[in-house]
Amino acid sequence: MGSVTGANGSNGGLAVVLAAGQGTRMRSTMPKVLHPVAGLPMVCHAMDAATGAGLSNQAVVVGYGATDVQAAVQSRFPAATFHEQKERLGTAHAVLAAKSVLQKASGPVVVLYGDVPLIRPETIARALAALKSGAALAVLGFHAENPSGYGRLLMDGGTLLAIREEKDASEEERRVTFCNSGIIAFGAGHSLSLLEKVGSDNAQGEYYLTDVVEVAREQGLQAVAIACSEAETMGVNDRVQLAKVEELWQGRRRDALMVEGVSMTAPQTVFFHHDTAVEADVVIEPNVVFGPGVEISSGAIIRAFSHLEGSQIGPGAFVGPYARLRPGTKLEMGAKIGNFVETKNAQIAEGAKVNHLTYIGDATVGAAANIGAGTVTCNYDGFNKHRTEIGAGAFIGSNTALIAPVTIGADANIAAGSAVSKDVPADALALTRTPQSNLEGMGKKLRARYAAAKKSKG
Ligand code: UD1
Ligand code: MG
């Protein structure tokens, strides 16, 4: 991601992220900002963007579900500070909850929203650049098709005169379609002095963050508006908007990966996790879903209808169609996982094949081993998990149960239909089937017997 920073990646700036709201319309016991987009809480997306723009200090204003929000954010941003807003008296009041860090801030301060997760570092960087060219305030705005509900940006040429909340706006002001995204950047030294002069004499009796624009102008300071896309500053208030934001995030990620050299024949059917790492020259077929922690190396092919999580896919490996790769799966170069195969905590070495209808769990499969259809590693006895080790070049016949713990030596051969509970030495043939007996001429007699039984029943 783009960054506008010096060699150390930081501009000494501070992000204040508002995350105090409950989000009533989510109809959830979980605080709104913890609802995930691409598997990551919304508030963390906003904070990632701040980090990407070089804002190395991060303060989060919490309220509803403060303990949960803090716990979730801290695991990703251990240096973030948390500030409780006890009463919800407006957006300026919320920012001032972080007064202790505003006092210490030596660089720019950017106010972000925990429920506006699609903001990009590049866009925050544009606001920071405006501060560098002399503005005391830079507000991100967008041209809305339907501006109702938003604060309006009242402009005079390139200068921002004021932000008017809908409830306080005149007829004429309401016709303005250039809207306040809510995201505001303060030049160094200006945040606290401007915020502390904001009053609550307005239609809602709230301390409006937006009033800092007029306060700044009264002091002869310059305020500017920076236009960005409406989609990027979309806020989430309900689950319909959450799904919309997810869709936009996925679209953005797919496009970025294709630009980086990943092929997708039906990108709109492929769903990434926020941390999915895909190298160039990977092909992803339709209807593939990625959970957390997947890394795919160049030349691998992920075929249709596969589900992957916690897995490393080596160069030139094949997955699917219809494969399920669970956490701890590692495929080395050119390994093959075929249809209706499930793997978990399984290391599959170079060129090994697990092509059909198989479960490989808590196991290692050696290089170039071949696992026949219907092989099951019986790894769980109802209490404990046990390991299966399969040596390089081993051949496991179809419908084999490998009853762990068990080790199959290199180049060993397991006859189809075996239930293997004892270790098999290298190069041995293991057979556990009951011997077959053929009763000559029994076919016709058997059919006559069954027909008679049916007839006697009427
Ligand atoms: C705000 C802006 C408006 C802008 C809009 C963009 C103000 C006064 N208005 O309006 O110009 O167009 O966002 O979506 O800033 N919050 C707190 N504590 C509070 C109040 C709010 O943490 O006391 C948080 C909310 O949880 C939310 C964010 O701040 O995440 C914005 O608050 P909200 O009430 O949604 O403001 P809007 O009326 O939408
Ligand atoms: Mg709002």
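The following questions and answers go through selected features of a predicted model.

Modeller: In this predicted model, local features need pLDDT of at least 70 and side-chain atom pairs count only at pLDDT 80 or more, while totals for chains, interfaces and linings use all residues. Residues are numbered from 1 along each chain as its sequence is written, chains are lettered from A and ligands numbered from 1 in the order in which they are written, and side-chain values use heavy atoms, without hydrogens and water.

Biologist: Which residue in S11 stands opposite Val139?

Modeller: Strands are DSSP runs of E with at least two residues, numbered from the N terminus. Two strands pair if DSSP finds at least two bridges between them, and five bridges join S7 (residues 137–143) to S11, in parallel. The residue of S11 opposite Val139 is Ala225.

Biologist: How many residues of strand S11 are buried?

Modeller: Buried means under 20% relative accessible area, exposed over 50%, and partly exposed in between (1.4 Å probe, protein chains only). Strand S11 covers residues 223–227 and is mostly covered. Of its five residues, the number buried is four.

Biologist: Is the ring pair of Phe142 and Tyr150 stacked or edge-to-face?

Modeller: Rings of Phe, Tyr and Trp (its six-membered ring) pair if their centres lie within 6.5 Å; planes under 30 degrees apart count as stacked, over 60 as edge-to-face and the rest as tilted. By this rule there are four aromatic pairs. The centres of Phe142 and Tyr150 are 5.0 Å apart and their planes are at 85 degrees, so the pair is edge-to-face.

Biologist: Is Phe142 buried or exposed?

Modeller: The class follows from the relative accessibility. For Phe142 the value is 1%, so Phe142 counts as buried.

Biologist: Why does the pair of Phe305 and Tyr322 count as stacked, and at what angle are the planes?

Modeller: The ring centres of Phe305 and Tyr322 lie 5.0 Å apart. The pair is stacked because the angle between the planes is 5 degrees.

Biologist: Over the ring of which residue does the charged end of Lys385 sit?

Modeller: A charge sits over a ring if NZ of Lys or CZ of Arg is within 6 Å of the ring centre and within 35 degrees of the ring normal. The charged end of Lys385 is 5.1 Å from the centre of the ring of Tyr380.

Biologist: How far from an oxygen atom of ligand 1 does a polar side-chain atom of Thr91 lie?

Modeller: Thr91 is among the residues that come nearest to ligand 1. The distance from its polar side-chain atom to the oxygen atom is 2.7 Å.

Note on methods: A residue is near a molecule or strand if one of its heavy atoms lies within 4 Å of it. A polar contact is a pair of N or O atoms within 3.5 Å; within protein, one must be able to donate a hydrogen and the other to accept it, and residues adjacent in sequence count only if both atoms are side-chain atoms.
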